[in-house]
Amino acid sequence: MRIGKPTAIFLSVIFFIELLLLFFLLLFFWEGLGDFLIEYRFIFQIVLWVGGAYLSKKFYNYIYDDVKIKEGRHAVAVYSSTSDKGRKVVVGLVTLVFIVFIVYASIMIFSSNNIDTDNEVSINHFNNQNISFNYSNNWSIESNNSTDIVLVDSYGRYIYISIDKTDGYTLDMLYNLYRSSWEEDENISIINSTNIKINNIPAIVSYLNISYNETVNMSEEMLNIVSFLNIKPNETKHTNSYKIIMTKEDKYYLISYYYTGDAINEKEFKIFINSFKV
């Protein structure tokens with residue numbers, strides 16, 4: 001079994017990564033180990049990196065054993081196959097573990113990025129005499145009264161429709177009032193605002209980024225891991241929001257669509273907006 005130097009280096013890096021994964025699995029499942037390691041985390045971090053590098057170097061030497069000898073003035077590479085069978089087994093195991101990890105990680109990433117599938121969406125219709133719209137069966141109506149309507153889905157996205165009297169304010173005046181309040185809030189960033197029409201009614205849509213502090217609930221094992229890596233579980237998160245303001249006669253409507261990260265679900269939001277009527 002002949003392994004070239006670039007391949008040996010690549011496999012050694014993979015071996016080092018697998019050592020780190022093995023350590024974190026041990027940290028996760030070994031009760032009490034995490035508290036001990038956290039107390040001396042800096043020492044163990046050095047030991048982990050240095051020890052991992054040392055073992056990876058040993059692994060490299062084992063799978064790549066070209067020996068150069070001098071024959072006169074010229075160096076001649078001699079390949080030894082004394083432990084060829086063992087080398088095949090070790091390389092095969094390292095490669096297999098790497099493939100399993102890549103497949104598992106790919107499945108997890110694919111699942112998280114495909115919350116919204118391309119399956120045919122069943123459509124429900126809502127009508128309360130003042131407002132009507134279509135919405136996907138993935139959503140449910142949690143509130144329905146004369147001043148607000150709330151729709152939510154199982155992924156934490158929600159649409160909030162607020163209804164109030166204009167009291168003589170025009171669309172631009174109402175938008176400027178809301179924009180002023182957004183600008184005064186240090187947690188809100190206005191990305192852009194655009195004039196649009198919804199069923200031939202003028203409207204203004206604004207895209208906002210809202211930051212907030214979130215306390216993440218973790219198991220003791222996960223807390224041990226993030227503490228060992230000097231990661232703070234409680235951090236600032238961000239929510240994205242579309243705010244749409246429109247008026248008709250003596251009423252104005254504020255439609256707020258909230259979602260986190262990339263989980264916008266444009267398909268279902270368009271179903272809602274394109275069918276919205278007042």
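**Close-up views of a predicted model**

**View 1. Helix H1 (5–29) and helix H4 (84–113) each supply at least two residues of a nonpolar patch.** This is a predicted model: local features need pLDDT of at least 70, side-chain atom pairs count only at pLDDT 80 or more, and totals for chains, interfaces and linings use all residues. Residues are numbered from 1 along each chain as its sequence is written, and side-chain values use heavy atoms, without hydrogens and water. Helices (H or I, at least four residues) and strands (E, at least two) are DSSP runs, numbered from the N terminus. The patch on the surface is formed by Ile 9, Val 13, Ile 17, Leu 21, Phe 101 and Ile 102. Together they have about 460 Å² of accessible area (Shrake-Rupley method, 1.4 Å probe). H1 gives the largest share, four residues.

**View 2. Phe 101 sits in helix H4.** Phe 101 counts as partly exposed because its relative accessibility is 36% (buried is under 20%, exposed over 50%, partly exposed in between; 1.4 Å probe, protein chains only).

**View 3. Asn 199 lies in the loop between strand E8 (188–198) and strand E9 (201–214).** Asn 199 is not a glycine, yet has a positive phi of about 50°. At 36% relative accessibility, this residue is partly exposed.

**View 4. Asn 200 lies in the loop between E8 and E9.** Its phi is positive, about 70°, although Asn 200 is not a glycine. Asn 200 is exposed because its relative accessible area is 69%.

Terms used: Patch = residues over 30% accessible without salt bridge, like charges linked within 9 Å, V, L, I, M, F, W, Y side chains within 5 Å. Salt bridge = Lys/Arg side-chain N within 4 Å of Asp/Glu carboxyl O.
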